[in-house]
Amino acid sequence: MIKKISLFVVFLAVILSMTASAAVTTLVLDGSTTVGPIAKTFAAYFTKKYGVRVNVSESGSGNGAKSLINGSCTIATMSRAMKAAEIAAARQKGVNPVATVVALDGLAMVVHPANPVRSLTKAQISSIYCGTITNWRDVGGPNARIVVLQRESNSGTEESFKELVIGKGVQITGSAETQSSNGSVKSRVSSTLSAIGFLGHGFVDGSVKVIAVNGVFPTVATVKNGTYPVSRPLYFYTNGQPAGLVKQFVDLPNSADGKRMITELGFINR
Amino acid sequence: MAGESGGECNRTNAFVVSARKRTMQKVAKKAGESMLFAVASFVAVIVLFIFYFVARDAFPFFQIRGFTEFFTSSNWYPADDPGEFGALAIIYGSLMVTLGSALIAVPMGVAAAICLSDILPFSIRQYAKPVIEMLAAIPSVAFGFFALVVLAPLLQNNGGPMLMWAWWILVSPFVLLAVIVLSDLLTAKIIEPKRRQQMHIFLLILFSFLSIFLLFKVGTVLYGIQILTGTNALNVSIILSFMALPTIVSVSEDALQAVGRDIREGSYALGATRAETILKTVLPAGSSGILAAVILGIMRALGETMVVWMASGNSSQIPEPWFNYLQSIRTLTATIAGDMGEADQVTGSARFHVLFAMGLLLLIISFVSNLISERIVVRQRKILSGQ
């Protein structure tokens, strides 16, 4: 009996020490699926270099903001700027969100590789998403109904797309399909002949075809100099000015290693 | 109570037990009973609490926006400013996939249950039932992944031929049965045996040709269909029916087993064939259990979230025309799961509360159907036991 109790005590002690040590040296990141690859790569790098555990969740930019406001994450990764309402909610809870730009990202419009359409104007894309253009024939493609793919409402990519392409006060058609991540948009576009969707630039690969917007393809140069019309900054949000470990993490994009990692992931250095 | 404890005393007096031990026993008995009671009431309390908390957060939505928009509009733009909260298309989508999965799963499930309980030998049944029940152990996200990655492209690329084969395989046995039964019925009144036989054969041939023509005609129409998007109501219905099948098969098989050997043997003793025994004796006797099974299976389909979120396409639209299973739809469960992340404190209350209104609607639907099935089961039992 005594043996059992002592075993239990030891077990309890181990658990307690584990949680105690975890509380000291863990960074928690939550938010955008677009920023996810950067956050994960940084996390692995950070852990290797400083021996600090970094947990990364990808639940959408909106959830990232919420986590930061609730205090359940140290850094919120977001693919859009915080909204005024979110900042107000944060202030109310005594959280002071501070943004750091991590990288730039072009939103690539993608179609199935077999689709002959090479370029669309912003107005055409907008009409497709609002349901006024429903056939590829109308934009120089084959006679096929367009399958419109969008992201769900807590996606920062979706909000950026709406803001950059469609504009305020216009609604995306109800027949647009909703996907929950960049990856699932890519897999749906690569397997659906008449689909159109949008992806973070870093997610594009050979399985989908990128089309030009207003005649400009998303590349490092066009995103950096602003000629590609659908691009946006990606953010790390912290509570107050970052300090200590958090500052070291947030400053990673300034270092040579950080820049290399961002480029390797297909994002663009600011 | 007093009599009971007296009985207890008499019993324990038969053995030599000390007074102290007897009190201990009594205390232990009371403690055990109250423990069990607490656990049982805890479960009931959980249900009440869920109802209470969902309803508490659902009512503000109706206070803010009223009932009309929610139930009559299909404009679902919760993220806009001001938002629109028309859930008609979403409610319709939920009912559509539930009906679709029931249409596939109920005939298949009941047929499989009959086969397991009355047709297959015991040795095979022993292995077949656990294998079917294993379907229930597959996590829904695995089903969803299959629907998204395998079934959706398959439907897009070979949708027409697949529909045609499904039509042939599923419908032709029923048509065959219908042809036989129909010609039987139509010739039943002819008294003269020779004429009846001639007429019977003539009708059989006539109906066979007619039905084969019909099968072919519909088959070619189906063959020509080009499915635009594989994440649609059909895809979800198929997968949901797979998920509902183990429940339906397992529970209805239990119900058919419970009918008992004596009733079956009574039927055979009266000269009934095996088909007559199954159709006219076993099925009616087990009907309450089968109904319970069907409702359980349908509830599984209605409440499923992950699969529909991944594979339904999530477009808030009523398909055009309304019975078109080849278009994307959106369901209540998927909307709650998908919109919850953003809904919280950010853009104001209606957007948050509307999800609870949907949750309440789901709760009410399942509560009512459970109640109905309970009623039917009780009534059926009364009829069968002859009260």
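Domain bounds, as I use them here, come from an automatic or database domain assignment. With that in hand, I noted that chain B is divided into domain 1 (2–65) and domain 2 (68–386).

**Conventions.** I am working on a predicted model, in which local features need pLDDT of at least 70 and side-chain atom pairs count only at pLDDT 80 or more, whereas totals for chains, interfaces and linings use all residues. Residues are numbered from 1 along each chain as its sequence is written, chains are lettered from A and ligands numbered from 1 in the order in which they are written, and side-chain values use heavy atoms, with hydrogens and water left out.

**Confidence.** I looked up the scores of the model and found ipTM 0.74 and pTM 0.77. For pLDDT (the predictor's confidence in each residue, from 0 to 100), chain A averages 86, and 91% of its residues score at least 70. Within chain A, the lowest confidence belongs to helix α1 (residues 2–25), with a mean of 55, and the highest to strand β9 (residues 209–213), at 94. Helices and strands are DSSP runs numbered from the N terminus, H or I over at least four residues for helices and E over at least two for strands. Chain B averages a pLDDT of 86, with 93% of the residues scoring at least 70. Residues 1–9 of chain B have a pLDDT below 50, and this stretch has three contacts in the model beyond near neighbours in sequence. I keep in mind that where pLDDT is low, the predicted coordinates should not be read in detail.

**Domains of chain B.** I took the centres of domain 1 and domain 2 of chain B over C-alpha atoms and noted that 39 Å separate them. Eleven residues of domain 1 of chain B are in contact with 17 residues of domain 2 of chain B.

**Helix pairs.** The axes are lines fitted to C-alpha atoms, for helices over the stretch in contact, and the angles run from 0 to 180 degrees between N-to-C directions. Angles under 35 degrees count as roughly parallel, over 145 as roughly antiparallel, 65 to 115 as roughly perpendicular and the rest as oblique. A crossing is left-handed if the near helix is turned anticlockwise from the far one by less than a right angle, and right-handed if clockwise. For residue classes, Ala, Val, Leu, Ile, Met, Phe, Trp, Tyr, Cys and Pro count as nonpolar, Asp, Glu, Lys and Arg as charged, and the others, Gly among them, as polar.

In chain B, helix α4 (residues 88–119) and helix α11 (residues 287–303) have axes that come within 9 Å and cross at roughly 140°, so α4(B) and α11(B) are oblique to each other. The contact involves residues including Ser94(B), Thr98(B) and Val106(B) of α4(B) and Ile290(B), Val294(B) and Leu302(B) of α11(B). By class, the contact of α4(B) with α11(B) has eight nonpolar, three polar and no charged residues.

I then turned to helix α9 (residues 261–269) and helix α10 (residues 274–285) of chain B, whose axes come within 10 Å and cross at roughly 125°, and the crossing of α9(B) and α10(B) is right-handed. Ile263(B), Arg264(B), Ser267(B) and Tyr268(B) of α9(B) make the contact with Arg274(B), Thr277(B), Thr281(B) and Val282(B) of α10(B).

**Single residues.** A cis peptide bond joins Glu320(B) and Pro321(B), with omega about -10°, and Pro321(B) lies in the loop between α12 (306–311) and α13 (332–343) of chain B. Asn214(A) has a phi near 50°, a positive value in a residue other than glycine, and sits in the loop between β9 and α8 (220–224) of chain A. Finally, I looked up Phe145(B), which is found in helix α6 (residues 140–187) of chain B and touches Val150(B) and Met310(B), not counting residues up to four places away in sequence.

Definitions and conventions
Contact = heavy atoms within 4.5 Å.
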